[in-house]
Amino acid sequence: MTFGTALFLWGMAAGAIPVVLHMINRQKAPVAPFSTLRFLRASVEKTRRRKHVHDLLLLLLRVAAMVLIAIALARPALHWLQQWFGNHASKAVVVILDNSGSMATTDQNGRRFDRVTSATRQVLDELGPGDQVGLLVPTGPRLISSQRLFQNHELVRQAFGSCRVSFERADLVAALGQARRLLRNANSPNKEIYLVTDMQACCWDDAKRLQEINNNAKEGPPIVVVDVGGPPRPNTSLTRIEIEATAPVAGIPLRVTTEVRGDPQVAQERNIGLYLNDQKQDSSPTLRIEPAQKKTQTFQVSLSGKKIHRGDVRLEGEDACPADDRLYFAANTDPAIPVAIVKPADHEIRNLDQAYYLERALESLGDEQGAVRVQTLTPNVVPDKSLSKFVIVFCVNLPPPDLNVAQQLADYASSGGNLIWICGDNVDPIAYDSLNKECHERLVPIRLVRFRESNDQHPDGWNISWLDAEHPVVAPFVEPASVHQGVQVFQFVEMASTKGTSARVLARLNEGQPLLVERSVGSGSLYLLATSLHVDWTNFPLKPLFLPFVSRLTFHLAGSNATQPLLTAGDSWSLPVAVSDEVKVEIVQPDGQVVQISTSNPETNRIRFDETHQVGVYEARIHRGPDTQKAAFAVNPDPDEFASRRIERTELEQFLRPSKVFYCDDASRVSEAIQTLRKGVELGGVFLLLVLVALVAEAYYANRRALGPRQLAQHSLATSIPGNRISELNVSKQKELSR
Amino acid sequence: DRLYVKQYEEETNLRAQIVLDASRSMMYHSGESLTKFQYGSYLTAVLACLMARQQDAVGLTAFDQQIQLDMPCRTSARHFGEMMRQLESLAGNLESKADGVERQETHVADTLHRLAERFKRRCLIVLISDLYDDPDAVIRALHHFRHRRHDVMIFNVFDKAELEFPFRETMRFVDMETGEQLQVDPAFVREEYLQRIGRFIDGYRKSCNECQIDYVVTHTAVPYDFMLSRYLSKRSGL
């Protein structure tokens, strides 16, 4: 309730007047003699309690009349949006504008975002001079500071004018918390929050945070919810896309699988098209999708050339929301997989070179499939090379490298490379362990303990007795067992136990010793083969298993890099960088704008890009010194945003407690609603009516027992005396008669 | 011898003792009306005059806490004149000592008992009083008179205000006999007061009827002719 002329409220003190008068009158009652008090005394005693109640009631009525008059003169009004004395005071208003992906939906009432802009414009139009306003836009690029309120309304209008529908899911919980924080610090007595939304339930999923916000809010400003959601039109959406590639090699087919979700109510028939670099490559047959049904469609496409390919799948035709009809992907292909082999030096006799069989195996892959390009390096050359261009780096029988070489190898692995260690007689377990510690456990996957070689107890060495049947590289070789059991190992480097580490054993010898271990580090991976590829150590290179193993390992590691990350709008893309790296990154957004990033977070050693508001393929140009590498990532709409489930108002009101919530269902009449809520209901007439009632009641109760002349006559005992009716003689005549 | 029936009227002589209540409560009056004592005095004079003309012996006793005036029954005109002078003197005395004397309640019943013992010869007792005392005690005293074979006639005198209680505003009433004060809201107590005084009068009426005592309720505005007619009615029955 508010008061137009609050000064009159001081008049409530007049309520004390009846009390004071009562106290005075009690003392000033006129004194009169009476013949005897015997009857009066008893009567007073008997009616004492009733009189007390009567007097109290009269006093209350009189006090109430005074107080109510004062209140009525103060012009009370019931306002829902204003505080007690805030009738003409300034306002602090925060508008939360939901521009999440679902706002692109066209329902029976038109496009939702059009209603959002109309409603928000009306709220801004209702601002008066001196009012403060804040605009919170939960998704998309930041248009205006969300940390303060503005008295310059024009600034806010400009930001509002730039607002567009995003493809992200809105975090309305966080927006509400921020709105409350802004208003808590505002000086205005009148505070209002306007939430313009289509009531999508996914925007309120973080209930626990909401509870924390509500628990901390002792009181909340009123919230006006402008519900722009309308009866939906049929809509089908693409919800998921998966890309599989054997290898990121031109010519090797790429599998693109997409999932389509039907309208909740209406069956649909739609086609899906596959586009690559904006050229249509394929189209699905007509899919009949029943209400709420999900279907998948898979395409296969071959990529050519060494470049970044931008692809997308599209739902053909139109429906209620075009924003969810397209999903993007990116693929970076190369004519061949670049692989490096780092070895101490070339042996004079090639067959005795520790890397001989490995090189042959890799070259055979390149010869037959044109898929692998091998470059041989020595440790002293490594510092001058950029390892990032290699998909796999094999370190074969390396003596403990220099620390900077070790750091370079570790950085390569954690930045997304695949580093494979193959032991030999140059490997020093203690030195390797020390280097690994220097490189923060990013150099080798497990600690090396000591050399083991066949002896009297193991005259024939050891055999491979176990392979990890779940791992895609070694799984095909589990059966028949004779395939891997024929591999003999005469010497190997014993590793520490993998318990308590994230290392995964892929192959074991017949006493359980790990032979092949894998561990993920950063964006890349580390592998360690405990034996050498020299025939003195093992017959593995001579076994039929060797070539397919190398092939599977190579393509597996290369294939994981084939496709670029798939992000949801609003997600962050990050790039791990070494502390020593001087990296500059340029991001080319889908609309062609280029954004420069050169600062990494020293705590995480990552370069981060957060402005993934547009959907499409982003291209990252990574400059590391003289080298430039290209990467791409696709950003797609949040599929849950188009799930079309509304949150119930009762549920929403629980989230919005302790604020009072008002709803406006017609976005075109927000101004009217605001005026009604602000103007409120005048209560002056009600209070005057109450005054009248109090006065009438007071008059009735005060005079209820007062008798008029006729009533006096009716109640009088004197009238029962016959002499009264005989004659009416006045006192002076009576005196004359007596004399 | 011839037998004759002689029809004649013989006048009997009545002895009447007028007992007048002269207590402070009888000094009450409302507005411009007579005080109850004045009214009683005038009634006494009227009755005494009538009795004297009828050759009845009339005496007068006036009392408050004590017997203030006691004149035996006589028939002479000089006795009547003396009675009036005494009555007038008593009225003057009562008015002059109205404020000065210490107040105390008048016990009508005790005085009536004493008077019942004093009046040896049978007579008509005309009691003019407001009878503000314990009704049971007063009735017992009246029985005492009847036991002594006296005829009794009571004029229960009130002021009109005592019977109507016409007061409107809150007042602080002072008991004229005891000086006690009591603040009263008349609107609240009127009904209860009237019921109580009604019961008071009805009690006396009923008890007087039972012991064949004439009981007349009157107030200071009632003309005396009504009182005289009641007396004459009583007189004719004796």
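Q: Which element of chain A gives the most to the lining of the second largest cavity?
A: This is a predicted model, in which local features need pLDDT of at least 70 and side-chain atom pairs count only at pLDDT 80 or more, while totals for chains, interfaces and linings use all residues. Side-chain values use heavy atoms, with hydrogens and water left out, residues are numbered from 1 along each chain as its sequence is written, and chains are lettered from A and ligands numbered from 1 in the order in which they are written. Strand 22 (418–422) and helix 11 (546–559) of chain A each supply at least two residues of this lining, where helices (H or I, at least four residues) and strands (E, at least two) are DSSP runs numbered from the N terminus. The element that gives the most, with four residues, is helix 11 of chain A.

Q: How many charged residues are in the lining of the second largest cavity?
A: The lining includes Leu358(A), Phe394(A) and Ile420(A), and lining residues have an atom within 4 Å of a point of the cavity, which on a 1 Å grid over the protein atoms alone is a set of points where a 1.4 Å probe fits but cannot get out. Ala, Val, Leu, Ile, Met, Phe, Trp, Tyr, Cys and Pro count as nonpolar, Asp, Glu, Lys and Arg as charged, and the others, Gly among them, as polar. The lining has eleven nonpolar residues, no polar ones, and, as to charged residues, none.

Q: What volume does the largest cavity have?
A: The structure holds three cavities of 30 Å³ or more, and a volume is the space filled by probe spheres set on the grid points, which are joined across faces, edges and corners. Among the residues that line the largest cavity are Ile464(A), Val474(A) and Phe540(A). Its volume is about 100 Å³.

Q: Are helix 3 and helix 4 of chain B roughly parallel or roughly antiparallel to each other?
A: Axes are lines fitted to C-alpha atoms, for helices over the stretch in contact (heavy atoms within 4.5 Å), and angles run from 0 to 180 degrees between N-to-C directions. Helix 3 (residues 108–118) and helix 4 (residues 135–147) of chain B pack at an angle of about 10 degrees, with their axes 8 Å apart. Angles under 35 degrees count as roughly parallel, over 145 as roughly antiparallel, 65 to 115 as roughly perpendicular and the rest as oblique. Helix 3 of chain B and helix 4 of chain B are therefore, relative to each other, roughly parallel.

Terms used: 1 Å grid on protein atoms, 1.4 Å probe; cavity = no way out; pocket = protein on both sides within 12 Å on 5 of 7 lines; lining within 4 Å.
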